[in-house]
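The sequence and the structure are shown first.

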Amino acid sequence: MTTLNDARPLPATGTINTSPIALDEHADGELEALWTAVVPETRARGNDIHLPISLSFARRLCDAHPEADRTLVLVSTLLHDTGWAHVDQEKIISDGFRGDWRKADIRYEHEREGCLVARRVLPPLGYDAQFIDEVCKIIDGHDTRPHAYTLEDALMRDADRLWRFDHAGIALASGWFGQDPAAYTDRLETEIIPELITQAAVDMATADLARSRALLRTAVLR
């Protein structure tokens, strides 16, 4: 499969919305039943904050790329981190967010477990086998695979990162990495923005980062 790496940042074909994500309507429609099916999985590792915010960013990214399979992006984003609920909870922070965390076994494990969740909850909701396979291809490797294979894969990856730039994401994730907000926002700028695949995500992240830094007074509180 062709990767999208060489196309970074991928230009948008639709509208890019860089306003605060809290201003969106967040209407899930047909995804409400899927949310209900994974309530237990949202109680691990802050998924009840991470997943809804990521999903709203995924909608915006789909608006910026109307050529993408919107349902595939949204379902994959909603489910991508549900596997964290099925790993050793005491090792999530110690193994998944410390040291060489990108290569930690628990990160591979949560991807595999996320695929199992998808294969359990999607069939009763009417999703067919081919669609579920596509969802699992995106979930499997979303943290550990270096490249995105498809546009839908890329949009899910960008949505997974964009939530970190919102002040709620900073408040939660900075603690995971044992950093104060100033140090964490510096990391977002130097490490995470360069990982974004689409120009839409870069624009959203840059706007959100500026707002969050101003709100959290990171120029002084460091």
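## Residues with positive phi

His26 is partly exposed, with a relative accessible area of 34%. In this predicted model, His26 belongs to the segment that precedes α1 (32-37). Its phi is near 60°, a positive value in a residue other than glycine. Most residues other than glycine have a negative phi.

Arg217 also has a positive phi in a residue other than glycine, here near 55°. Arg217 is placed in the segment after α10 (199-216). With a relative accessibility of 52%, Arg217 counts as exposed, because the cut-off for that class is over 50%.

Arg59 is a residue of helix α2. Its relative accessible area is 13%, and Arg59 is therefore buried, the limit being under 20%. When residues up to four places away in sequence are not counted, Arg59 touches His26, Ala27, Asp28, Arg70 and Leu74. His26, in the segment before α1, is thus one of the contacts of this buried arginine.

The axes of α2 and α3 come within 9 Å and cross at roughly 160°. The two helices are therefore roughly antiparallel to each other, and their crossing is right-handed. On the α2 side the contact is made by Leu51, Ser54, Leu55, Ala58, Arg59, Cys62 and Asp63, and on the α3 side by Arg70, Val73, Leu74, Thr77 and Leu78. By class, these residues divide into seven nonpolar, two polar and three charged.

## The packing of α3 with α7

Helix α3 (residues 70-79) also packs with helix α7 (residues 151-162): their axes come within 9 Å and cross at roughly 40°. This pair is therefore oblique, and α3 passes α7 in a right-handed crossing. Leu72, Val73, Ser76 and Thr77 of α3 meet Glu152, Leu155, Met156 and Ala159 of α7. The contact comprises five nonpolar, two polar and one charged residues.

Val73 and Thr77 of α3 take part in the contact with α2 and in the contact with α7.

## The packing of α5 with α6

Helix α5 (residues 105-121) and helix α6 (residues 129-139) pack at an angle of about 160°, with their axes 9 Å apart. They are therefore roughly antiparallel to each other, and the crossing is right-handed. From α5, the contact involves Glu111, Gly114, Cys115, Ala118 and Arg119; from α6, it involves Ile132, Asp133, Val135, Cys136 and Ile139. The classes represented are six nonpolar, one polar and three charged residues.

Although Arg112 and Cys136 are 24 residues apart along the chain, their C-alpha atoms are separated by 8.8 Å.

In soluble globular proteins, nonpolar side chains tend to be buried together. The largest nonpolar core of this model has 55 residues, and those with the most contacts inside it are Val75, Leu79, Leu122 and Val135. Helix α2 (residues 47-64) supplies the largest share of this core, eight residues. Another core lies apart from it and has five residues, among them Trp84, Val87, Ile92 and Ile106.

Which residues does Leu79 touch, not counting residues up to four places away in sequence? They are Leu34, Val38, Ala118, Val121, Leu122, Val135 and Ile139. Of these, Ala118 of α5 and Val135 and Ile139 of α6 also belong to the contact of α5 with α6. Leu122 and Val135 are, like Leu79, among the residues with the most contacts inside the largest core.

## Ala200 in helix α10

Ala200 is found in helix α10. Is Ala200 buried or exposed? Its relative accessibility is 0%, and Ala200 therefore counts as buried.

Leaving aside its neighbours within four places in sequence, Ala200 is in contact with Ile16, Leu61 and Ala64. Ala200 and Cys62 are 138 residues apart in sequence, and their C-alpha atoms are 9.8 Å apart in space. Cys62 is one of the α2 residues in the contact with α3.

Technical notes. Residues numbered from 1 in each chain as written. Predicted model: local features only at pLDDT ≥ 70, side-chain atom pairs only at ≥ 80, totals over all residues. Heavy atoms only, no water. Core = buried A, V, L, I, M, F, W, Y, C linked by side-chain atoms within 4.5 Å. Buried < 20%, exposed > 50% of the residue type's maximum accessible area, 1.4 Å probe, protein only. Helix = DSSP H or I, 4+ residues; strand = E, 2+ residues; numbered from the N terminus. Contact = heavy atoms within 4.5 Å. Axes fitted to C-alpha atoms, helices over the stretch in contact; angles between N-to-C directions. Parallel < 35°, antiparallel > 145°, perpendicular 65-115°, else oblique. Left-handed = near helix turned anticlockwise from the far one by under 90°. Nonpolar A, V, L, I, M, F, W, Y, C, P; charged D, E, K, R; others polar.
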